[in-house]
Amino acid sequence: MHTLVVTSSSSTSRSRPSPGDSPAASDDELIDAVLDGNDRAFRTLVQRYEPVVASTVIGMLGPGPGADDVGQEAMIRLYESLEQFRGEANLKTYVTRIAINASIDALRRRKRRTERLASRDDEERSLDEPVVDERSNAEVRERRTLVRRAIRELDDHYRLVVVLRMLEGHSTKETANILDIAHGTVLSRLHRAKQQLGDLLRPYLDADESS
Amino acid sequence: MNDHRRYRLEQALDDSLTPDERDEFEALLRSDASYARQFERERRMHRMTADAAPRAFDAGFADRVMGRLREAPNAALRVDFDAMLMRLWRRLAPVPLTVAVVLAGYNAYVGPRHLGAGASLVELLFGLPPVTLDMLLGL
């Protein structure tokens, strides 16, 4: 197994990035550098794929410290499995798959521990502290909050498809590939999920339509 | 809406229509107003959800990941190991459980021939008859 020599963030920021770990490096270059024990290369990968993991994990679990933990776990699983990554999929798909699996594991744990009340607390608290940029006006924030809440209302298998297809922007075929299910299953789940979302988001969709 | 139209609509939202399919789809939109409205509605829904996608964890996420790696570089392995043990338990446990149930049934049916009067319930149910080398050779 490759060994990561993790240096402190201060020493990282002082030293100049090498070609193998600069933000401009390709995924393959970064992976090679990580396998050579370069911690800054892995940090660059984490920063590059944080949006992917965040939208997947927060989309599945809702915001809060639990989602942050699962996001970290997903990144650690990525680190542990980089040696097995053979480039058969692109790294974004690979990372998404890891994030989805980590989220599903977390959902199972959550169900086992019947943490529904605690997660609702997280959710309500987080509604007042949106992660997105602060320039957004109140209406946009309210809309985003409503959309996220609507997504969390969906059953797990519908939410999985919605997160990958509609939040992450994967195609329906990529979604089927990531979830390892038939393309037709993705289409039918997506259809049903959209019907439910359409009901939950009707005020906004109707307002847009009339404008 | 039939399956073919549904599929075309998803393809259009995927932006994966071939030029011929796009022509066919646009003709469909022109000829069926309710289909066109449905397409527009779903496109708005896609935009709305994509816009609501959380794009970051709280500040310092990369630092927290690197910190966890520094403190417990094999944490993920432990998680995997726990998961592997759980999977093994689920797969293998039915075998000894079935054997135990069959043995208990057998003992209950045959009775405690090889046990004395002071045997406990556990011995009565799960006690194995004494097997000697001669008996095995006799088989």
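**Exercise 1. Work out how many residues of chain A and of chain B are in contact, and what area the two chains bury.**

Solution. Start with the residues: in this predicted model, 60 residues of chain A touch 37 residues of chain B. Next, take the area. About 4500 Å² is buried between chain A and chain B, and carbon and sulfur atoms account for 63% of that area.

**Exercise 2. Find the salt bridges between chain A and chain B, and look at the pairs R43(A)–D63(B) and R64(B)–D68(A).**

Solution. Let's begin with a general point. Side chains of opposite charge can pair when their charged atoms come close.

Step one is the count: seven salt bridges link chain A and chain B, while the whole structure, over all chains, has 23.

Step two is a test of each pair. The cut-off is a side-chain nitrogen of Lys or Arg within 4 Å of a carboxyl oxygen of Asp or Glu. R43(A) and D63(B) pass, with their closest N and O atoms 2.7 Å apart. R64(B) and D68(A) pass as well, at 2.5 Å from N to O.

**Exercise 3. Describe the polar contacts across the interface and the side of chain A that touches chain B.**

Solution. First, the polar contacts: 17 residue pairs across the interface of chain A and chain B qualify, both residues being at pLDDT 80 or more.

Now for the helices. At least two residues each of the side of chain A that touches chain B come from α3 (39–61), α4 (65–81), α7 (138–153), α8 (156–167), α9 (172–179), α10 (183–200) and α11 (202–210) of chain A. The largest share, 13 residues, is supplied by α3(A).

Finally, sort that side by class: it has 26 nonpolar, 14 polar and 20 charged residues.

**Exercise 4. Decide how α8(A) and α10(A) are oriented, and which residues make their contact.**

Solution. Two packed helices are described by the angle between their axes and the distance between the axes. Here the axes of α8(A) and α10(A) come within 9 Å and cross at roughly 95°. Angles of 65 to 115 degrees count as roughly perpendicular, so α8(A) is roughly perpendicular to α10(A).

For the contact itself, α8(A) contributes residues including H157(A), Y158(A) and R165(A), and those from α10(A) include R189(A), L190(A) and Q196(A). By class, the contact has eight nonpolar, two polar and four charged residues.

Definitions and conventions
Residues numbered from 1 in each chain as written. Chains lettered and ligands numbered in written order. Predicted model: local features only at pLDDT ≥ 70, side-chain atom pairs only at ≥ 80, totals over all residues. Heavy atoms only, no water. Contact = heavy atoms within 4.5 Å. Buried area = accessible area lost by both parts, 1.4 Å probe. Polar contact = N/O pair within 3.5 Å; in protein donor to acceptor, adjacent residues only side chain to side chain. Helix = DSSP H or I, 4+ residues; strand = E, 2+ residues; numbered from the N terminus. Nonpolar A, V, L, I, M, F, W, Y, C, P; charged D, E, K, R; others polar. Axes fitted to C-alpha atoms, helices over the stretch in contact; angles between N-to-C directions. Parallel < 35°, antiparallel > 145°, perpendicular 65-115°, else oblique.
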